[in-house]
Amino acid sequence: MPHETAVGLGRLGVVTALTLRTQPTYDIQQVVYDDLPMEALDDLDGVFGAGYSVSLFTRFRGPAFELAFVKRRVDPAAPWTPPDTWFGAVRAPEQRHPLSGEPPEHTTLQDGLPAPWHTRLPHFRLEFTPSKGEEIQSEFFVPREHGPAAIRAVHALGPRLAPVLLISEIRTIAADDLPASMAYQRDSVALHFTWMR
């Protein structure tokens, strides 16, 4: 009996045939913006719809997200020139690392030039340790429509989080039909936390 799955977890039983659904390679452009105002959440769809992948980084210490990583899939029929400003944020003049003080050369290039997807979609280069390397991570998913309220609620806890939070990444995930998925049949906003050990 045919069965579609993304991850088996040892529950597939005996596999006698396997069909892989693949996608041709593609290029990505990546740029980073500094200080995205918190008010940008009022246009959640505009912010997260601006790219193939959009990640907001914050320590919940001020009125803005410190960094916004915007990754756009290249469409030869519709070339994209990254703007200097975006929802009130300003394009970073140099390479950025999500964690303040960490080497920016550990991150994938943020030059806005088209490059193969595997060199731009990850935040970190394969030859370096991602993030800081000594941390604890957790993630909480909320329905997309509750995303802005959830982010603002956590932002209010900023002073309590500051002593132990290295960084928080906020991103969106499309609904899927995988029962073990955190986005099962629900568009979601993910609040990811990287904590000090």
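Reader: How many salt bridges are there?

Author: Side chains of opposite charge can pair when their charged atoms come close. A salt bridge is a side-chain nitrogen of Lys or Arg within 4 Å of a carboxyl oxygen of Asp or Glu. By this rule the count is 9 salt bridges. The model is predicted: local features need pLDDT of at least 70, side-chain atom pairs count only at pLDDT 80 or more, and totals for chains, interfaces and linings use all residues. Residues are numbered from 1 along each chain as its sequence is written, and side-chain values use heavy atoms, with hydrogens and water left out.

Reader: Which parts does the pair of Arg-96 and Asp-34 tie together?

Author: These two side chains form a salt bridge of 2.7 Å, N to O. Arg-96 lies in the loop between strand S5 (89–91) and strand S6 (115–116) and Asp-34 in strand S1, so the pair joins parts 62 residues apart in sequence. Strands are DSSP runs (E, at least two residues), and helices are runs of H or I with at least four, numbered from the N terminus.

Reader: Are Arg-96 and Asp-34 buried or exposed?

Author: Buried means under 20% relative accessible area, exposed over 50%, and partly exposed in between (1.4 Å probe, protein chains only). Both Arg-96 and Asp-34 are buried.

Reader: Where does Arg-152 lie in its pair with Asp-42?

Author: In this salt bridge the closest N and O atoms are 2.9 Å apart. Arg-152 is in helix H2 (residues 147–155), and Asp-42 is in the loop between S1 and helix H1 (44–48), 110 residues apart. Arg-152 is partly exposed at 35%, whereas Asp-42 is exposed at 63%.
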